[in-house]
Each structure stands twice: as structure tokens, then as C-alpha cells.
Amino acid sequence: MRFLLHWLEKAGTKFQKGQPLEPLYPAFEAGETFLFTPSSVTRADAHVRDGLDLKRMMITVVYALVPTIMMAMYNTGLQIHRTVEQGGTLLANWQTAVYRWTDLPVASDAVLGCFVHGALYFVPIMVVTYAVGGVLEVAFSVIRGHEVNEGLLVTGMLIPLTMPATVPLWQLSLGTAFGIVIGKEIFGGTGMNFLNPALTARAFLFFAYPAQLSGEVWVAAEPPADGISGATWLASYAEGSGHLAGHTYWDAFVGTIPGSMGETSTLACLLGAVLLLWTRIGAWQTMLGVTVGTGLTALGLNGIGSDSTPMVNMPWHHHFVVGGWAFGTVFMATDPVSSAFTASGKLVYGLLIGVLCVLIRCINPAYPEGMMLAILFLNMFAPLIDHYVIEANKRRRAARYVGA
């Protein structure tokens, strides 16, 4: 490592101001700071110091995502193995060839086998996301002449977790590019975007290629087996079956059900929420608001009931463990850039997300999921919410001043 550091210091002189490679300095600096602490740091006493900088905050979020990542790999392999057990045959793709080379059993009770087989699907998606996003981040930094920041560290991890295991990599590349460029870079980059880049990528793929992003999310076997590549909980209720698609409430809470790779386990998301709340990176007001808004709206619709719209009758507590509710509440709605900034605004922001999520799920039978659209919609209204909160605070202060 010392040799690599010495080589980087020597090579870095060619990227300094006035040198031939000066325009490419952001690209060089991105690689250097990824491997080592920057050589230029703040030392003067005049600066406000804090133990939490952007890099530490992003790394903490990645740590919070570890349980979700582990569950994503395990559940991906688990669903594939269940497909085989129920009569399906593995696709003749490179993942299957590599997995068979490991000589691990294709069985749902083979924990290591599930992890390995799931990783063969998850890791390529993550690598493609970081590769495409990294190239775009460096390109925009070079064009603008500023250093590469750590925003992609989290975005590159969130995008794969919102994807089904069988998403085509070329579609993933397009979606990542759309999320990074349209969702963030055209507004000035990290800290300037009003939309969540990961959800922007997911929304683009959902509406551009709905066949690959919805419906039969587990097409890891051919021919598919009933109950594995078929309906999820939300789809089951939307179709009027009124049952849990062959799974229990505990299955949905733990995450051993079909769905996008990182969105099935409420338990894994809760473990991440503990770390985000403990480090104060995730806003408890937002999480509480989403929970209360979801519960109250679902309870109200349960009280009304409906014979024509089955989703209205889904028990209120089921909303917390199906679809992307838990993942969206913990990791997407709490995005410090695209959410509301004020404490009261965060509570209102989260409350409206919960209300809108349930309304989309229950009132629109053609779209049983609603968390993605609810968060993106409220992203656009977050500045307006903060505006009214600040104006209300100004009026209260003015009234106190006049009264004094």
C-alpha cells in the first residue's frame, strides 16, 4: 500500500494546475480519495469541525444497507432453489454454469448455496450500476471542473436493491444513466437534486420496460413453477384472491417471498433503521410520519370496505411488510437531499407519503405498489412544505415580538 501511495503522489503532479493532464484531475482525484485519505484537508481553526462529513455519512448508510444486501442475495438464491424444487429447471445462463461448478446443492435449505447463487445475480447488477454511474460522475466532474463526491456510493447500492434479479443489464445501464443524469447531474450534482436518483432510475425502467420490472419478477427457471414466478402479496390482493400468495405474515416480515431483491425483508430494513436513527442520519420524523400515514389511511379504507376493489380490504398491518414500503421508508424517504429539511416538515412529508402510498395501492387496481411514486411525488413538494413551515415559524416569532 505504501508503494501505491508513493506512485499516486508522483503521478498526481501531472494532474496539477498548469500540467498537461489538468482537465482530468477530477478523475484522478476520485480514484485517489477512494483508496486513501485526501492529502489536502482542513487544518485552520477558523473552520467549523464535525466528526461527520459526506464520506462518513455515505459509508454509514452503506453499513445500514448490509443486512438488506445479505438478505437480497440469500432470498434470490432461495427463490431460485424453490423453483427447482417445485418442478422448474434452471436457465442455461452463466450464473447457473458457475453455480454448478461450485458443486453446491440446489435446495431451499442449503443456506450457503442460496447465498452463492443469489450473489451471482446481485453482484453483476451492482457492478454494472457502479460502472455506469462512476463513468457519468467522473465525466460531469471533468466537464464542471470540480472534484468527484461520494454521492454515487449510496445511489450505486440502492439501485440494485430496487431491481428484480433478472433485470437485463443493458436496461439497468439505461436506467442508471437516466437516474444519475436526469435525477441529479442536470440540477448540479449531489446536494442539488430534488428527486431521489435511485427512485428516478427505478421509475424510468418501470415505465419504459414494465414487462421486466413487474409481473413475473422471479423468472429464474423455465418453465416457471406456480407460486414462485407468479403473484406477490400485492398482486394477489389486487387480483381479488384475498390470500397471502402461499406465504405467511412472518415470511413477508423476514423477506423470504418473491419481489425486488432488496425490498422483501422488513426485518433487514429495520436493522438498518436502527443504525440510521442511532447516528441521526435518518430522520425519525420522516419514518414516523410514513408509518402513521400508512396505518391511519389503511385503517380508514378497511372501515369503508369495497366489493369491487379488493386492495381496500387488505388488513392495515399487511401494508408494512409487502412491496417496497419498509425499504422506501427507511432508505428512500429519509434521503437528506430530496426530503424536507425542517423537523415539522419532515413529519408532514412522511405523513403524506404514507397516505399517498396506500391510496395508490388501494384505489388504482392496475398498480398494486405505490411507495416509489409516493416518494417521488412528495420529493417535488418537499420545498413547498418547508416554505410553509418556515413562514409559520416567522409568523409565530413576529407575534411573540409584538406581544412583548
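1. "Buried" here means under 20% relative accessible area, "exposed" over 50%, and "partly exposed" in between, with a 1.4 Å probe and protein chains only. By that rule K184, with a relative accessible area of 2%, is buried.

2. A quick word on the basis: this is a predicted model, where local features need pLDDT of at least 70, side-chain atom pairs count only at pLDDT 80 or more, and totals for chains, interfaces and linings use all residues. Numbering runs from 1 along each chain as its sequence is written, and side-chain values use heavy atoms, without hydrogens or water.

3. You'll find three salt bridges (a side-chain nitrogen of Lys or Arg within 4 Å of a carboxyl oxygen of Asp or Glu). K184 pairs with E137 at 2.4 Å, N to O. This pair links distant parts of the chain, 47 residues apart: E137 sits in helix 5 (residues 111-144), K184 in the loop between helix 7 (169-181) and helix 8 (197-208). Helices are DSSP runs (H or I, at least four residues), numbered from the N terminus. E137 is buried too, at 4% relative accessibility.

4. R361 and E369 form another bridge, 3.1 Å from N to O. R361 has a relative accessible area of 0%, so it counts as buried; E369 is buried at 18%. R361 is also among the buried residues of helix 15, including G345, Y349 and C362.

5. Then there's K394 with E391, at 3.3 Å, N to O. Both lie in helix 16, three residues apart, about one turn of the helix. K394 is partly exposed at 48% relative accessibility, and E391 is partly exposed at 23%.

Notes:
Helices (H or I, at least four residues) and strands (E, at least two) are DSSP runs, numbered from the N terminus.
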